[in-house]
Amino acid sequence: MTAYEPAPGIRVDTRMGVEAAATLTLGPLAGLFVGVVTGLTRVFLGGAGWLSGSLAMLGVWAATRALMAWQARRRPGQDPGRHLGVAIGGAIFSWLMSLPSLVWLDWRGHMELDAAIVLVVFLCSTVTTLLLWATIALTSSRTRALEQLSQANEALQQSLRQTIGALAQAVLHRDPGSARHQRRVADLALAIGRAMQLAPHRLEALELAALVHDIGQIEIPSEIISRPGPLTPAEMALVQQHPVMGYEILKDVQSPWPLADIVHQHHENLDGSGYPRGLAGDAICLEARILRVCDIIEAMSSHRVYRSSHPMDSVLEEVQRMAGRELDAEVVRIGVALIRREGYAFPA
């Protein structure tokens with residue numbers, strides 16, 4: 001990048017600024033590497049100024065490194081290369097270190113030093129140092145910010161998983177049968193979600209929501225949930241409020257996924273005949289539609305205190321009968337195929 005050639009073999013370029021900026025933003029070792037590479041390039045180009053220019057590069061590196069060390073002692077814990085004052089100092093050093101080289105070339109008769117040359121060297125060194133420093137510093141800062149955001153998001157997700165685990169454990173202590181039901185529903189829901197090629201973040205939302213989709217039942221008296229006989233209309237109405245209760249429990253849990261909404265909707269039917277809000281069609285999210293199918297298959301195929309389990313064939317026939325009306329037809333198709341053709345079975 002030759003900016004000015006006052007005499008044959010004498011090149012006033014941006015190498016000094018590049019060296020200073022690299023040392024400031026990438027560190028002393030990286031700056032030294034850049035200096036060696038550019039110095040070797042200058043040797044390859046030849047000319048009268050190769051030796052003095054290469055020595056000037058070494059001087060820029062040493063001066064910039066010393067400036068960074070001074071800033072590090074002055075403000076411990078901060079990255080000295082990110083300080084604007086240090087960057088300006090590096091730009092000035094990249095100019096000052098080149099002056100002895102120019103004076104030596106003038107003394108040896110290889111060129112005639114004048115104000116124009118000094119000005120060009122100053123502009124090349126200063127502008128290059130500051131622009132390159134700002135570019136690398138901003139890029140590095142953005143990268144660090146993205147890494148910190150990713151770490152914070154992962155910490156939030158881990159905290160959420162622990163919260164969901166604690167809620168599921170609470171259901172386990174109160175009603176082991178409901179906890180078992182939720183785990184089995186989550187397993188089938190994940191299998192269907194993978195078969196539908198849902199994105200990983202949606203699969204995680206589906207699994208977490210499934211693990212606590214009946215969390216609202218914790219608000220319903222256990223003698224109602226486990227009663228062998230039929231429920232009164234009032235008791236049935238109370239049971240049908242468990243999605244609302246689950247929503248109320250989960251709505252304030254910080255989450256990147258709409259877990260509360262999925263739980264709220266997992267008893268809705270496509271034709272609007274479900275509960276608690278009578279949603280229909282696309283107003284029901286896909287994750288809730290998947291849970292609806294899985295909930296029915298698991299519940300009908302499992303033993304309950306108020307009835308015996310149904311054979312899996314009759315369960316699948318029932319959900320196929322409901323497909324396209326109450327249930328999502330594609331979810332039913334995939335779920336039935338997983339069980340009948342691919343041998344899926346609920347975990348023991």
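Me: How many aromatic pairs does the count come to?
Reply: The count comes to 1 aromatic pair, where rings of Phe, Tyr and Trp (its six-membered ring) pair if their centres lie within 6.5 Å. This is a predicted model: local features need pLDDT of at least 70, side-chain atom pairs count only at pLDDT 80 or more, and totals for chains, interfaces and linings use all residues. Residues are numbered from 1 along each chain as its sequence is written, and side-chain values use heavy atoms, with hydrogens and water left out.

Me: Why is the pair of tyrosine 344 and phenylalanine 346 called edge-to-face?
Reply: The ring centres of tyrosine 344 and phenylalanine 346 are 5.7 Å apart and the planes are at 80°, so the pair is edge-to-face. Planes under 30 degrees apart count as stacked, over 60 as edge-to-face and the rest as tilted.

Me: What makes tyrosine 344 count as buried?
Reply: Its relative accessible area is 17%, so tyrosine 344 is buried; the classes are buried under 20% relative accessible area, exposed over 50% and partly exposed in between (1.4 Å probe, protein chains only). Phenylalanine 346 has 14% relative accessibility and therefore counts as buried.

Me: How many disulfides does a search of the whole structure find?
Reply: The search finds 0 disulfides, a disulfide being a pair of cysteine sulfur atoms within 2.5 Å. For cysteine 285, the nearest cysteine sulfur is that of cysteine 294, 13 Å away, and cysteine 285 is in no disulfide. Cysteine 294 is likewise in no disulfide, with the sulfur of cysteine 285 as the nearest, 13 Å away.

Me: Is cysteine 285 buried, exposed or partly exposed, and why?
Reply: Cysteine 285 has 22% relative accessibility, so the label is partly exposed. Cysteine 294, at a relative accessible area of 0%, is therefore buried.

Me: Why does serine 125 count as buried, and what is serine 125 in contact with?
Reply: Serine 125 has 1% relative accessibility and so counts as buried. Its place is in helix H6 (residues 115-174); a helix is a DSSP run (H or I, at least four residues), numbered from the N terminus. Leaving aside neighbours within four places in sequence, serine 125 is in contact (heavy atoms within 4.5 Å) with Met16, Gly17, Ala91, Ser94 and Trp95.

Terms used. Helix = DSSP H or I, 4+ residues; strand = E, 2+ residues; numbered from the N terminus.
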